[in-house]
Every structure is written in C-alpha cells, then in structure tokens.
Amino acid sequence: MIEFEKLLTKVFDRLEGLQISYLVGGSFATGVHGNVRQTNDLDILIDLKPDQVSEFVAEFSKDSMVSEEEILDAIESRRPYACFQVLLIDEFFKLDCFVLQTDSFSQSEMSRRVTIAISEGVVGWCATPEDIILRKLQWFVLGNKVSDRQWNDIVGVLEVQHGRLDETYLDDWATKLEVKDLLDEARTQVIVVD
C-alpha cells in the first residue's frame, strides 16, 4: 500500500473509531464517479456533534494541526458550507471538513452515501454520483459560473455514469436547488461512447 492509501486509511479509521459519520466529496468523489483529477486536499462532509469535538481534536492532534476553536465555530455557525481544516503534518496533506447541515439536501446526501473504493485498496464512504453532480452545480453557481474545473467535473460524472444515474432524483433536487437549467445544459455536453 502506497503512502497515499495509508493516509486515507488512517483518516477513515479514525473517523469510524470515533463513530463520526462522513462521506468523501469534492475532487476525490468526482474521481471515483467520473474523471480523476489531481488534488492536494480531501473534502469530507462530517456529522460532528459538539460533544465529539474534544475526542476528535485529541485523536487528530497526535500528528495534525487542528483547532478546537475553529471546529466549534464551524459547528455553531450553521453557515452553508461551514468547514474547518485539519493539516496532516507528516504527509503535508489537508482535510477540508465540511460540517453536516440540517437542510434537506445535506441530510439526503449523507443518508444516500455509499461504501466504495476511494483509492486502490481503500474503501470508504462516498457521496453518490447524483449528489456529486448536484453539489458541483452549487459550487459552480457560487463561483459565478466561471469555473471550467467544476463544469468539467459535472460533465465528466454525467458521461462516466451515463445510463446508471437516478435521473428523477437529479431532476427533483436540481429543481429544488435552482440549478435545473445548468443540469440540462451539462447534459447537452455529454458525449456517450458505445
């Protein structure tokens, strides 16, 4: 097992040992369900409760830079996309930990997570392809609809997962999240290879 796989295993084992529900999102999840893209951080959605913060900090501070104050601020703020960072010192690798929110989409996303090979030999909880598409559409809007990287990720997942997606789920949530027009546009750019 190479160093990167050891890093992922360490992170997943720690979260599961602390009984903290998580799912991998962002570029890693895009690579699992679509086209692999190089990244130097890991986006994780975590259901971290205030009474778990001390244990979380104790576990990760063994070999990481982590701020209890930053974590509590992210949990208590209830801001959309509230997050905190954990820097794994030896690996010089960053975890962007997004705090699970109470909105319906975030709750649906967590309830639908799947166990899948995140990397060779490493199985973990990951967002579904539908939820990755929807989340990436939201990030695309937040970035003023100019990020080629986000857009290419969306189209890539649509292409790779073509014929296997829950299109009704996608359409329903895209409408609720007000990104249906963008989803429809992305679908027109999908190239299906038989």
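Guide: Helices are DSSP runs of H or I with at least four residues, strands are runs of E with at least two, and both are numbered from the N terminus. The model before you is predicted, so local features need pLDDT of at least 70 and side-chain atom pairs 80 or more, while totals for chains, interfaces and linings use all residues. Residues are numbered from 1 along each chain as its sequence is written, and side-chain values use heavy atoms, leaving out hydrogens and water.

Visitor: What makes a residue part of the lining of the second largest pocket?

Guide: A pocket is an open set of points on a 1 Å grid over the protein atoms alone, where a 1.4 Å probe fits, with protein on both sides within 12 Å along at least five of seven lines; a lining residue has an atom within 4 Å of a point. Phe4, Ser27, Phe28, Val36 and Ile118 are among the residues that pass for the second largest pocket. Helix H2 gives the largest share of that lining, with four residues.

Visitor: How many of these lining residues are nonpolar, polar or charged?

Guide: Six are nonpolar, four are polar and one is charged. Arg37 is in the list, and Arg counts as charged with Asp, Glu and Lys, while Ala, Val, Leu, Ile, Met, Phe, Trp, Tyr, Cys and Pro count as nonpolar and the others, Gly among them, as polar. In the largest pocket, the lining has 15 nonpolar, eight polar and nine charged residues, with five residues, the largest share, from H6.

Visitor: Why is cysteine 97 called buried, and cysteine 83 partly exposed?

Guide: Buried means under 20% relative accessible area, exposed over 50%, and partly exposed in between, for a 1.4 Å probe and protein chains only. Cysteine 97 has 2%, so it is buried; cysteine 83 has 27%, so it is partly exposed.

Visitor: What makes glutamine 19 stand out?

Guide: Most residues other than glycine have a negative phi. Glutamine 19 is not a glycine, yet its phi is positive, about 60 degrees. It sits in the loop between H1 and E1, and it counts as exposed because its relative accessibility is 70%. Lysine 145 has a positive phi too, near 60 degrees. Its loop joins H6 and H7, and its 46% relative accessible area makes it partly exposed.

Visitor: Which residues does leucine 87 touch, leaving aside its neighbours within four places in sequence?

Guide: Contact means heavy atoms within 4.5 Å. By that rule leucine 87 touches Asp63, Ser64, Met65, Phe92, Phe93 and Lys94. Methionine 65 is 22 residues away along the chain, with 5.0 Å between the two C-alpha atoms. Leucine 87 lies in strand E4 and, at 24% relative accessible area, is partly exposed.
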